Amino acid sequence: MNSYEWLETILFFVVLLALVKPLGAFMAKVYQGERTFLSPVLVPCENLVYRLCGVKRDEEMGWQRYAWAMVLFNLVLFAALFAMLMLQHLLPLNPQKVPAFGWQLALNTAISFVTNTNWQAYSGETAASYFTQMVGLAVHNFVSAATGMAVVIALIRGFARRRTSLLGNFWVDMTRGTLYILLPISVVGALFLVSQGVIQNFGDYKTVPLVQAVTYDKPKLDAKGNALKDAKGNPVTESVTAKEVTIPMGPVASQEVIKELGTNGGGFFNANSAHPFENPTPLSHYFEILLILLIPGALTYTFGVMVGNTRQGWALLGVMLFIALLSFGVLQGVEASGNPLLAKLGVQGANLEGKELRFSLPGTNLFEVATTGTSCGAVTAMHDSLTPLGGMIPLSLILLGEVVFGGVGSGLYTMLAFAVIAVFVSGLMIGRTPEYLGKKIEVREMWMSMVTILAAGVVVLITSGIAMITPAAVSSMSNPGAHGLSQVLYAFASMANNNGSAFAGLNANVDFFNLLGSLAMTVGRYLPAVAVLAMAGSLAGKKYVPPSLGTLPTDKAPFAIWLTLVILIVGALTFFPALALGPIVEHLTMLGGN
Amino acid sequence: MSKHSAEPISMFDARIMGPALIESFKKLDPRELWRNPVMLCVEIASIITLVTFVRSLTGANLEPAWFTGLVSAWLWLTVIFSTFAEALAEGRGKARAASLRKSRTEVSAQRLKKPEFGSPAETVPAESLRKGDYILVEAPATIAGDGDVVAGAALVNESAVTGESAPVIRESGGDRSAVTGGTEVIANAIIVRITANPGETFLDRMISLIEGAKRRKTPNEVALEVLLIALTLVFLLVCINISPLSVYSVKAAGHGTPVSLTILVALFVCLAPTTIAALLPAIGIAGMDRLFQKNVIALSGRAIEAAGDVNVLLLDKTGTITLGNREAVEFVPVGGHTEKELAEAALIASLSDETPEGRSVVALARKKHGLTLDSLPAGAENVAFSADTRLSGVDTGGTKYRKGAADSTIAFVKALGASAIPANLSDVVDRIARGGATPLVVSRDAEIFGVINLKDIVKAGIQERFLQLRSMGIKTVMITGDNPLTAAAIAAEAQVDDFLAQAKPEDKLKLIKEYQENGFMVAMTGDGTNDAPALAQADVAVAMNTGTQPAREAANIIDLDSNPTKLLDIVEVGKQILMTRGNLTTFSISNDIAKYFAIIPAMLLSIYPQLGVLNVMHLATPMSAILSAVIFNAVIIPMLVPLALKGTKFRPMPAEKLLIHNLLLYGVGGMIAPFIGIKAIDLAVGLFA
């Protein structure tokens, strides 16, 4: 890294950390129903929503009601999006006359957006109308993010409250989260992105003549769209000369900002944040990384405020920041040193394959760490093209359970579940029945925490195992062997952990991935969320145990280090064999000169 | 302090090892093993490898039979080591229970019609006694059942229960009325009202507890099991997942063999937290047993663990902080009377007073003033203490001798027409009260003679114990029926943190509820019947064995030595149990890293030779690598049995320091130890290959 790259990286983290406290405190006010500087404008809107929907704002819910409201609301949203995708050709704002989705792809896409995954087995510019993008996908980007936040807020209330069964009102939390937090930041952010050159229009796709005609070989397809092969099995190609190019348009800025802010990751275009209309300048690039980490980072402060000790939040942020910096350091190190096989051929320097060269190497790597450490999944580089060890970083960040900042809401609640496990074991080690934030950790909390941290991992283990012996999955890999195994592992890791990024190189739009992936996304999202709410309900009912000399402080370095170790060890023990057969073998093979 | 007459039995005594070995095979029964799900999984794994071994013997195309056979043998040993550890922990308790049972042999009892000496008696076997029966026990005789002394006083040898050979006094009324079936009256006679039906007696409960028959898993144990079961499930899936992944890799690489069932099963057992799961039952049982060695009976494992969390300790003053009975130490005359006059009056007023305080007044008067009067003149009338007058004394020939609290005595003499109260009385009373003692004013008719200084004697060395408790974060609160002035003085002398004076039973209950409401874990020690409601409310309730039956029933821990500072030991054992569990869990999981490095390269080597780099221990062959990991995983269990039974050492230090210490020892140690162990075993295996 040169001095400029150091500067921009350091500056980025300074800005991020500076924003944690003000935004975190603001969000605490929002969820505690206090007045904020936006209240004069938004209170009338809020009241209107309650009146229209018949929400009794003071009526609090127990965990079961809260969970039912969450699940049913998501079910309705899923049904609406599924219908919209199936009926896309009949709906307005479709200048390109794109056809409807097939049911398998529609199912996968609807679940993917409802679960905050944004796994995209389609290309936005060729498969989705403006109506679908704005009314369907963008709305889900807001709502799925607000859902995650509502769940973590309920959990925080569980820690903060004493001897009650009530966790708050789901509808109020959803409304306030969207209205006070997601919408205002999105409006400001979208305007900023437009200022950088992100487009926002409903125009037809533009066809422009190329300055220089390009001639290239194109694979010949048969009537069904499959590649034709000659007698020797090599693809048949034909020479094509392109004189003009079609440039897709659309309401991009409004969707771009919530894509990152809500850690959704579903790009307007297939190239996602590598596309110049989604991410035009280095400034917009860092701005987008900031948007990804903003709410997950600030929620730790919100947590601290709501449980009455902001140091507790800083400790968790410290753990997240440490793993993020560690991952960034490794990724930067291996990508900057490049591929030894190419070095032998005289191609020195960093591995630049699959990277958007408009952005610096550290900038790109930072984006990849942010997007996989959170459950965002937006990309500016092809993860498939990273060096084997480099590619293992995004994969590992996903497999750790999306806690390195993590998804909006979901990251913090998974982190808190890890903290409960860490507290349990360390509490035993100092000879006390364990307690976290003054709440005793007992059988029920253990069950729910284990479900929360292990659900996605279990889904990955099962689905990737099934995939490796299913011909339909194996034939979808672009590179068979260890790399193909990584592709499949990444795909299911991404879906089960609701990340949504892809390793690329895998043809995911086949029934196998669409259907099994839908299941993985659903289980990976709702099983932990409901478990978290159940834990919140149980915690809220407990009395508070004041700390004494014998209590382990959970807001200091020793506990933070222990928590980090627990996260890393649980991840490593669960996925070491799979990683050994994927990226590790690939890396060793590369070192071996093959 | 007590001398234990019970013979201490080493846990590695042949008398325990032998039966434990037999027991450990009996425990292989899946119907018993299902209580320990992780080990049940290991047993199923052992069966699978055994079947594979038989198949490979009959010519199926599998790995060499010797390999599968050895893996299977070591997996079976893993299970047996675990059941053996549990049997060993139970063994010592069983030996103790057997000796207790002997003391129950064929006892007969003298059942009385009415609870009076001289009432007609019939001889019945102990088993036919029921609650509410009265029995006469005359020395020498064994008490036939649990009960309360309703008349008389006797010397009782309770060594059968406590291991304490010095006999104790049991008498009617007060806090020493409870007797335990199986103990022996060695002097005098008492009438006992039976309070427990046969089979429900203290001794019965003790035997069943010690034998572990009624042992239930504590909530904390169950929570830990949740962690272990969840991890086991994940590791099961990890191993299942390897199978298709290796099948695919073989196809892609074009050579090698998919990972075999035996190796997957071996990997699963190595990864599953078998070390802690195997020792978990033993840790809890051994903890109760360790307490028992200290003459403390815990009626539930939960109570011991709760003791580890206690942050407030309520101590009944009498008998716990102080020596129990107040003693007269001084006569202070007032209003021109001499000390001898006062002593005489006090002696007469106390002669028929059978309370320990009364006796101590008599003793002091004789010792200090050489008074020899030892019986009251004929016709003297005893005036017993009553709650109304709060006075006691004697009427002899029209002269009224009284002693009692200052205000009661003053009221009494005024009623008799006293013209003036000696001027210096209130000074004397105040001085004595401020000193933490009880002033007892003595009067003859309408004249006040002076004051007896009744002093509470604080037990020697109690201050150090409280200091230790404080350093562990436990606050001590003294509870007493004394007035606040007296209480404050004793509290200061004993160095307790706080006190509750003039406490009525409902006050104690209220105080405990208040503390609990604020999230404190409250322990209480008590012995009197009036302590029972508070004991029932406390999280940890320690009753003295000398205490009354209601107190013992309300408690969840009984101290056979009746030494209230035993709570320190109980807290320590409670913490040790939790720490041992936590440390072994961390150790067990840390071990997995080394096991991965042993097994993963070994099992994938045929597919990807380049994975040989991961064989950092340079284990000789894939088979010896896998075998070494399996053997290490098995032998670590018996190696840790002494630790599980003795518990990890408890050092009072701040929580953070303790965590770092244990993390370094069991976490980092747990990562390094298996690298060394597996390598050593691999070298040893190499000698035979």
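How far apart do the axes of helix H19 (residues 557–591) of chain A and H7(B) come, and at roughly what angle do they cross? In this predicted model, the two axes come within 9 Å and cross at roughly 5°. Because angles under 35 degrees count as roughly parallel, H19(A) and H7(B) are roughly parallel to each other. On the side of H19(A), the contact is made by Leu573(A), Thr574(A), Pro577(A), Ala578(A) and Leu581(A), while H7(B) contributes residues including Val234(B), Phe235(B), Val238(B), Asn241(B) and Ile242(B). Sorted by type, the residues of this contact are nine nonpolar and four polar, with no charged residue among them.

**The interface between the chains**

The size of an interface is often given as the accessible area lost when the parts come together. Here chain B and chain A bury about 5,200 Å² between them, and 77% of that area lies on carbon and sulfur atoms. Within chain B, Tyr248(B), Glu656(B) and Leu659(B) lose the most area to chain A, and together they account for 14% of what that side buries. Counted by residues, 60 of chain B are in contact with 58 of chain A.

Between chain B and chain A there are nine residue pairs in polar contact, where both residues have pLDDT 80 or more. Several helices of chain B each supply at least two residues of the side that touches chain A, among them helix H7 (219–253), helix H21 (567–604) and helix H23 (655–688). H7(B) gives the most to that side, with 22 residues. The side of chain B that touches chain A divides into 36 nonpolar, 16 polar and eight charged residues.

**Salt bridges**

Side chains of opposite charge can pair when their charged atoms come close. Over all chains, the whole structure holds 34 salt bridges, and the count between chain B and chain A is one. The table sets out a salt bridge between the chains and another within chain A.

| Pair | N to O distance |
|---|---|
| Asp309(B) and Lys440(A) | 3.5 Å |
| Glu442(A) and Lys542(A) | 2.4 Å |

The pair Glu442(A) and Lys542(A) links distant parts of the chain, 100 residues apart. Glu442(A) lies in the loop between strand S4 (439–440) and helix H15 (443–468) of chain A, whereas Lys542(A) lies in the loop between helix H18 (511–540) and H19 of chain A.

**Helix packing within chain A**

Helix H10 (residues 310–337) of chain A packs against helix H14 (residues 410–429) of chain A at an angle of about 100°, with their axes 11 Å apart. That angle makes H10(A) roughly perpendicular to H14(A). Leu316(A), Val319(A) and Met320(A) of H10(A) make this contact with Leu412(A), Met415(A) and Leu416(A) of H14(A). The residues of the contact of H10(A) with H14(A) comprise six nonpolar, no polar and no charged.

Definitions and conventions: Residues numbered from 1 in each chain as written. Chains lettered and ligands numbered in written order. Predicted model: local features only at pLDDT ≥ 70, side-chain atom pairs only at ≥ 80, totals over all residues. Heavy atoms only, no water. Contact = heavy atoms within 4.5 Å. Buried area = accessible area lost by both parts, 1.4 Å probe. Salt bridge = Lys/Arg side-chain N within 4 Å of Asp/Glu carboxyl O. Polar contact = N/O pair within 3.5 Å; in protein donor to acceptor, adjacent residues only side chain to side chain. Helix = DSSP H or I, 4+ residues; strand = E, 2+ residues; numbered from the N terminus. Nonpolar A, V, L, I, M, F, W, Y, C, P; charged D, E, K, R; others polar. Axes fitted to C-alpha atoms, helices over the stretch in contact; angles between N-to-C directions. Parallel < 35°, antiparallel > 145°, perpendicular 65-115°, else oblique.
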